[in-house]
Amino acid sequence: MTAQVITVTSGKGGVGKTTAVANLATALAMDGKRVVCIDGDIGLRNLDVVMGLENRIVYDIVDVIEGRCKLKQAMIRDKHYPEMYLIPAAQTRDKNAVSPSDMVRICNDLRPDSDFIVIDSPAGIERGFRNAIAAADHVLVVTNPEVSAVRDADRVVGILEAEEKGNPSLIINRLNPTLVKNNDMLSAEDVLDLLGIRLIGIVPEDENVIIGSNRGTPIVTDGKSRAGQAFRNIAKRLQGVDVPFMDLTPQSGLWNAIQKLAGRK
Amino acid sequence: MGFFSRKRSATSAKERLQLVLVHDRTDLTPGQLESLKDDLIKAISKYIEIDPEAVRIDLEKEGREQRLVADIPLKSSSRHRAG
């Protein structure tokens, strides 16, 4: 068995790439998979804090590439899931310290002893993005139902097509069902129709995601969180399990009350 | 802002994105599309009489496929031969 390399990218910053990586990796680890996360954002490292591992960093990916440590030494073991590791980005070094061939080599070294390698791509379509997709078997494009995020996602999908990186899958993150219902937010169907790629998950907006980041504990570990459920479902789909999409009609609020009164629910 | 104009913001987002994505993907600005249309009208007019005002040239998308669709009605005088 050899690992599947999954790269999470988006074009636009701030759509939830790092959150998606931390949550998908944790969900895969919860399913008993051996997972290695790689932070591809050289100079702007963040996956470590979102995963709650910032105090354990000794070496980073640039130390590995420049031969200051062995690959194993830069792999930080997770606090709760011993089969999950993080390879952190360098914080201070030149972002050109990593090349696409370095990423391919590191992933190839990791493949025999892992089930999934999850790479967090930086925003943009520059060198860091090229590095992040170089080794990918499967690219996940994260977007929000919002004009600038969808436009940038389309650019990224176009580049992936041109580079023949296979068919990417789409994660629509931070969908607000009430806004969609009121026709004040693009629906998942709208976004899919615009981008024309395969959907792998829709993550509803959920304030618990921020609470999870604050604590360094990804939200997938919270059984009650809707966003956590959405990420757990995506992790299952990455393992080839056919999971139905969640019902994202608004759970409460005025509209729901009106519908109930009108006898439509 | 009125209730109805507020309601349509997602529709407006989708319509605007449809146009922007088509131009982003083809790397063709609306201005370039206009000159393409003018050149096409000139070329066709050498052989057959058309009404330049009625010509419609649009970029359309189907999934991730792009296509240039031209609708070029012939001038009614072109039908004289048949009559």
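First, the ground rules. Residues are numbered from 1 along each chain as its sequence is written, and chains are lettered from A in the order in which they are written. Since the model is predicted, local features need pLDDT of at least 70 and side-chain atom pairs count only at pLDDT 80 or more, while totals for chains, interfaces and linings use all residues.

I start with the sheet in chain A. Helices (H or I, at least four residues) and strands (E, at least two) are DSSP runs, numbered from the N terminus. Two strands pair if DSSP finds at least two bridges between them. In chain A, eight strands form an open sheet with mixed pairing, in the order S3-S4-S2-S5-S1-S6-S7-S8. The edges are strand S3 (76–77) and strand S8 (198–204) of chain A; each has a single partner strand, so one side of each is left without a neighbour in the sheet.

Now look at S1(A). It pairs with strand S5 (residues 116–120) of chain A in the parallel sense, over five bridges, and Gln4(A) stands opposite Phe116(A) there. S1(A) also runs parallel to S6(A), joined by four bridges; one of the pairs is Thr7(A) with Val139(A). A residue is buried if 20 or more other C-beta atoms lie within 10 Å of its own, exposed if 12 or fewer, and partly exposed in between, with C-beta atoms placed from the backbone. Five of the six residues of S1(A) are buried, so this strand is largely enclosed by the rest of the structure.

Moving along, strand S6 (residues 138–143) of chain A is joined by four bridges to strand S7 (residues 169–175) of chain A, again in parallel. Thr143(A) faces Ile172(A) across that pair.

What about the core? A nonpolar core is a set of buried Ala, Val, Leu, Ile, Met, Phe, Trp, Tyr and Cys residues joined through C-beta atoms within 7 Å. The largest one has 83 residues, and Leu24(A), Ala25(A), Ile117(A) and Val118(A) have the most contacts inside it. Its largest share, eight residues, comes from helix H1 (residues 17–30) of chain A. In soluble globular proteins, nonpolar side chains tend to be buried together.

For contrast, is Lys224(A) buried or exposed? With 8 C-beta neighbours inside 10 Å, Lys224(A) counts as exposed. Lys224(A) sits in the loop between helix H9 (208–215) and H10 of chain A.

On to chain B. Three helices and two strands make up its secondary structure, in the pattern α-α-α-β-β along the sequence. Of its 83 residues, 4% count as buried. In helix H3 (residues 30–45) of chain B, the number of buried residues is zero, so H3(B) lies largely in the open.

Last, where the chains meet. Residues are in contact if their C-beta atoms, placed from the backbone, lie within 7 Å. By that rule, 17 residues of chain B are in contact with 14 residues of chain A. Helix H1 (3–7) and helix H2 (9–26) of chain B each supply at least two residues of the side of chain B that touches chain A, and the largest share, twelve residues, comes from H2(B).

Technical notes. The expected span of a helix is 1.5 Å times one less than its number of residues. Two residues are in contact if their C-beta atoms, placed from the backbone, lie within 7 Å.
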